[in-house]
Amino acid sequence: MTPPLLEVDDLVVHYPAGGMLRRREVQAVNGVSLRLEPGETLGLVGESGSGKSTLGRALLGLTPVTAGHVGFDGKRVSGRDRAGLAHLRRNAAMIFQDPFNALNPRQTIATSIAEVLRVKGEVPPAEVPARVAALLDLVGLRPDLAGRKPHALSGGQCQRAGIARALAIEPRLVIADECVAALDVSIQGQIINLLIELKARMGLAMIFIAHDLAIVRRLCDRVAVMYLGRIVEEGPTEAVFSSPRHPYTAALVAAIPSLDPARPLPADPLPGEPPSPLALPPGCAFHPRCRLARPECREMAPPARHDGERITACVLSPDEITTTQPRSMEP
Amino acid sequence: MSAPLLSVRDLRVSAGPLDLVDGISFDLGQGEILGLVGESGSGKTMACRALMRLLPSRQVAVTGGRILLGDDDLAALPEADMRRLRGHALGMVFQNPASHLDPVMRIGDQIAEGLRLHRGLDRKAAWAAAIDLLAQVGIPDPARRARNYPHEFSGGMRQRAMIAVALSCDPGILIADEPTTALDVTVQAQILRLLLALREARGLAIVLISHDLGVIAQTCDRIAVMYAGRIVEQGAKTDILRRPLHPYTQGLIRCQPGEDGGGPGLPLPTIAGQPPSAGEMPAGCRFHPRCPRASETCRREMPAPHALEGRIVACHHPLTGEVP
Ligand SMILES: Nc1ncnc2c1ncn2[C@@H]1O[C@H](COP(=O)(O)OP(=O)(O)OP(=O)(O)O)[C@@H](O)[C@H]1O
Ligand SMILES: Nc1ncnc2c1ncn2[C@@H]1O[C@H](COP(=O)(O)OP(=O)(O)OP(=O)(O)O)[C@@H](O)[C@H]1O
Ligand SMILES: [Mg+2]
Ligand SMILES: [Mg+2]
């Protein structure tokens with residue numbers, strides 16, 4: 001069996017908490033394991049602050065890893081092995097969440113992209129301008145924007161420049177962090193269609209971090225749901241969204257805003273104080289907000305339960321969750 | 001109807017010879033929520049930053065029109081008076097919070113500053129109220145998190161901190177530019193509920209920019225749709241979402257992911273073609289090169305905004321009498 005393109009084992013990322021809390025740590029990622037095959041798209045969704053961006057950055061060696069192991073193409077990336085990391089960086093790219101800060105503010109977007117091409121060194125210098133133009137066209141940016149610096153672009157234009165730069169190295173793996181959040185639906189559709197095409201044509205593998213569940217449903221083969229540094233549920237996208245097996249996933253699906261102007265905002269889907277990565281609650285991290293929590297949830301973190309392609313970290317049985325969440329995603 | 005709180009008339013924002021916002025007009029009533037939607041680059045952010053007179057660089061300036069707030073025309077007000085209004089009369093949640101939070105100041109201090117200035121709280125009370133605001137925007141462990149610097153927050157936490165900073169000044173009008181793009185749907189619902197509660201409690205008026213028509217549908221009273229620097233259609237939320245009159249509005253609604261009935265792996269619907277850029281606007285209606293209904297008239301004459309079926313539309317061939 002060939003090894004997966006990306007293999008992550010029990011990854012932990014803690015940040016030192018600044019200020020007066022020196023001894024405390026922000027437990028951003030707490031033991032995440034996952035695998036990604038070539039050409040596969042994994043959606044990564046979850047609560048704001050649950051560690052999605054941290055996980056994405058750590059996979060590419062952009063944030064120091066506290067513990068655990070990342071493998072790419074059968075080579076170990078984490079640790080002291082520089083060769084593995086260099087191999088990863090030549091073949092993987094990140095599209096950052098904040099489009100304005102991801103690009104050099106003093107460079108025009110054409111220069112930023114040209115620089116990536118030059119570093120990679122596979123495009124002859126004479127062909128760089130044409131290649132830059134082609135990349136900008138691919139993400140729907142008009143040629144007259146090429147000479148602009150990021151601050152003279154709109155939010156969505158900046159975001160597309162970031163996507164063009166990531167695609168410039170012709171990566172085999174892209175970690176896309178909220179890469180269409182600032183785009184109007186038509187351009188968003190164009191970018192998603194482009195990603196679907198690249199996946200089919202070049203076997204591009206992707207970790208797609210997003211909060212727009214309708215897009216995740218369209219683009220991703222599998223989805224992993226994060227809550228407070230852990231993956232609480234993972235499985236084929238359709239199955240997870242149509243019959244969630246973790247109460248947090250169920251709450252997410254129920255809170256998807258609807259286009260129907262007569263439908264009001266959902267009532268508070270997650271009551272109570274959100275728990276903090278500075279002081280994780282004992283037991284299951286979700287129990288303080290879980291309507292279905294049992295006494296044992298306060299004591300023991302639920303182990304990941306495997307059932308075919310689906311993985312759930314919850315002690316409840318699937319039908320206990322689906323019966324309490326009658327609303328489906330259908331409009 | 002009582003006089004609107006804010007009246008914008010023929011507002012024009014230009015960068016040198018380029019008109020980024022090309023004569024837009026709208027009203028905002030007390031306690032009203034106006035949704036501003038439209039293509040990326042159509043001028044939504046520039047229009048809103050013009051209201052605050054916080055344009056991003058010296059090249060970009062308000063070059064025409066009026067922004068009437070009470071007896072003041074904000075387009076003509078001296079900068080010193082404008083400074084007095086910013087924050088308290090008009091608050092803004094910027095699209096890119098990372099660039100509008102002070103990187104070397106603790107989040108709690110940034111929120112407490114507004115509370116001291118605009119609500120007259122002392123240091124201690126302001127800090128306590130800042131922690132309360134952080135809790136209201138759903139930041140866990142707010143007492144500890146108030147001591148963090150912006151880079152220690154996640155993208156969505158920074159976005160919520162930005163909202164708390166804007167609310168700290170107790171604004172009468174809140175301009176929120178994509179305030180929930182980095183938030184998961186449950187936290188997003190919490191933020192939207194907070195805004196609705198502030199509207200109920202003290203008549204907060206809001207201009208809400210969003211690409212997510214679901215968010216717009218759940219919060220706004222009226223919607224204005226922008227295309228290439230102009231408002232092409234505006235009216236009551238239900239009218240616009242249920243029966244759009246402008247073909248561009250219809251295109252936007254049809255492109256909402258999840259609304260087209262398509263399945264996994266299938267391409268999403270898009271509006272064919274690309275939006276024009278400010279330097280090369282097509283003659284006539286700016287949407288005509290992409291419009292399925294375009295006629296000879298559309299290629300020649302710019303459609304003027306006119307009243308139709310209870311709203312204002314700028315189209316020669318609106319979708320009247322059609323069931324979408
Ligand atoms: N300094 C500048 N000089 C010239 N053009 C500029 C400058 N700043 C912005 N623009 C242009 O102004 C237009 C309007 O930008 P604006 O940020 O208002 O768009 P927007 O509707 O908010 O888009 P988005 O949804 O992508 O945020 C864009 O086409 C942008 O490229
Ligand atoms: N550089 C840093 N120093 C300290 N803490 C950090 C740092 N970066 C992130 N954190 C903390 O780590 C946790 C996870 O943050 P992360 O950015 O990974 O979340 P996220 O899931 O991407 O959230 P969002 O959806 O809001 O972008 C948060 O509590 C955040 O405050
Ligand atoms: Mg993030
Ligand atoms: Mg904008």
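Let me begin with a term: a residue is called buried when its relative accessible area is under 20%. The model before us is predicted, and in it Gln95(B), at 16%, falls under that limit and is therefore buried.

Gln95(B) leads us to the metal site. The magnesium ion, ligand 4, is coordinated by OE1 of Gln95(B) and OG1 of Thr45(B), at 1.9 to 2.2 Å. Thr45(B) belongs to helix H1 of chain B, residues 44-52, whereas Gln95(B) sits in the loop between strand E6 (90-93) and H3, so the pair ties together parts that are 50 residues apart in sequence.

I turn now to the interface of chain B and chain A. Each side is represented in the contact by 70 residues: 70 from chain B and 70 from chain A. The two chains bury about 5,500 Å² between them, with 57% of it on carbon and sulfur atoms. On the chain B side, Arg144(B), Val185(B) and Gln218(B) supply 12% of the area buried against chain A, more than any other three residues.

As for polar interactions, 18 residue pairs are in polar contact across this interface. There are 2 salt bridges between the chains. In one of them, Arg242(B) pairs with Asp260(A), and their closest N and O atoms are 3.2 Å apart.

Which elements of chain B give two or more residues to the side that touches chain A? Among them are helix H6 (142-145), helix H7 (155-168), helix H8 (185-202) and helix H10 (237-242). H8(B) gives the largest share, 8 residues. By class, this side of chain B has 27 nonpolar, 27 polar and 16 charged residues.

Definitions and conventions:
Residues numbered from 1 in each chain as written. Chains lettered and ligands numbered in written order. Predicted model: local features only at pLDDT ≥ 70, side-chain atom pairs only at ≥ 80, totals over all residues. Heavy atoms only, no water. Contact = heavy atoms within 4.5 Å. Buried area = accessible area lost by both parts, 1.4 Å probe. Salt bridge = Lys/Arg side-chain N within 4 Å of Asp/Glu carboxyl O. Polar contact = N/O pair within 3.5 Å; in protein donor to acceptor, adjacent residues only side chain to side chain. Helix = DSSP H or I, 4+ residues; strand = E, 2+ residues; numbered from the N terminus. Nonpolar A, V, L, I, M, F, W, Y, C, P; charged D, E, K, R; others polar. Donors = N, O, S within 2.8 Å, 3.2 Å for Na, K, Ca; no water. Buried < 20%, exposed > 50% of the residue type's maximum accessible area, 1.4 Å probe, protein only.
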